[in-house]
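The sequence and model come first, and the description follows.

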Amino acid sequence: MRKFKRVLATLLVTVMTLTVVACGEKQMEAVDDMAAVRGINEDTDTIYIDEGALILAGEADSSEAALAAATTAFNLVNQKRSAAGLGILNWNEQLTQAALVRAQEIVQVFSHSRPNGDAWYTVDSTCMFGENLAKLYNTGESVVDAWMASPTHAANIMDGGFKSVGIAVYQAPNGNYYWAQEFGY
């Protein structure tokens, strides 16, 4: 099993190679209809942590280009919040690891449900309380523009209760970009 995980992690690292394309134009079907939100007291009696998925995400190195794109999105989100008089979000590595899991999962099923049918926050329910997803956007600028153009996604970004965020970008073998933005209190 350990050897299998190591091989899978190596494959993930290989697939994670990301080249940011200069074109930042929005493509069709890039943002789903709704963002996901879980109340701070909702389903807190049971804690879900998908340790296997988080371990694999933690072993997969993101490319510098992927980190740069996520950082650009993070900075733009904080600029939007600051301009609206809201506090900035803190970068959270635990949420970033969960975002990396979700960015890879939405390649299989573009949904706020995980491929096995579980709720999105079961990756790590100790920290995940809001989620924005997107696909086919090649830059941090274009994905933030799309999220802000969607009322439900913008509501997550502009939620004054959220204090932290993690953002991950994943490039699938077919070349498409998948984004996950996870919010926490």
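A salt bridge is a side-chain nitrogen of Lys or Arg within 4 Å of a carboxyl oxygen of Asp or Glu. By that criterion, a search of the whole structure finds three salt bridges. The model is predicted, so local features need pLDDT of at least 70 and side-chain atom pairs count only at pLDDT 80 or more, while totals for chains, interfaces and linings use all residues. Residues are numbered from 1 along each chain as its sequence is written, and side-chain values use heavy atoms, with hydrogens and water left out.

**Salt bridges**

| Pair | N to O distance |
|---|---|
| Glu-105 and Arg-102 | 2.8 Å |
| Glu-131 and Arg-102 | 2.8 Å |
| Arg-114 and Glu-105 | 2.6 Å |

Salt bridges that share partners join Arg-102, Glu-105, Arg-114 and Glu-131 into one network. Helices (H or I, at least four residues) and strands (E, at least two) are DSSP runs, numbered from the N terminus. Glu-105 and Arg-102 are about one helical turn apart because they are three residues apart in helix H4 (residues 93-108). The bridge between Glu-131 and Arg-102 has a 2.8 Å separation of its closest N and O atoms. Glu-131 lies in strand S3 and Arg-102 in helix H4, so this pair ties together parts that are 29 residues apart in sequence.

Buried means under 20% relative accessible area, exposed over 50%, and partly exposed in between (1.4 Å probe, protein chains only). Arg-102 is buried at 0% relative accessibility, Arg-114 is buried at 5%, and Glu-105 is buried at 10%. Glu-131 is buried as well.

**Nonpolar cores**

A nonpolar core is a set of buried Ala, Val, Leu, Ile, Met, Phe, Trp, Tyr and Cys residues joined through side-chain atoms within 4.5 Å. The largest such core has 22 residues, and those with the most contacts inside it are Val-143, Trp-147, Ile-167, Val-169 and Trp-179. Two or more residues each are given to this core by helix H3 (64-83), H5, strand S4 (164-171) and strand S5 (177-184). H3 supplies the largest share, six residues. Apart from this core lies another, of ten residues, including Ala-103, Ala-168, Tyr-170 and Tyr-178.

**Helices H3 and H5**

The axes of H3 and H5 come within 8 Å and cross at roughly 40 degrees. Axes here are lines fitted to C-alpha atoms, for helices over the stretch in contact, and angles run from 0 to 180 degrees between N-to-C directions. H3 and H5 are therefore oblique to each other; angles under 35 degrees count as roughly parallel, over 145 as roughly antiparallel, 65 to 115 as roughly perpendicular and the rest as oblique. On the H3 side, the contact (heavy atoms within 4.5 Å) is made by Ala-69, Thr-72, Ala-73, Leu-76, Val-77 and Lys-80, and on the H5 side by Gly-140, Glu-141, Val-143, Val-144 and Met-148.

**Two loop residues**

Leu-136 sits in the loop between strand S3 (130-135) and helix H5 (140-149). Its phi is near 80 degrees, a positive value in a residue other than glycine. Leu-136 is buried, at 15% relative accessibility.

Ala-84 is found in the loop between H3 and strand S2 (90-91). At 47% relative accessibility, Ala-84 is partly exposed. The C-alpha atoms of Ala-84 and Met-158 are separated by 8.1 Å, although these residues are 74 residues apart along the chain.
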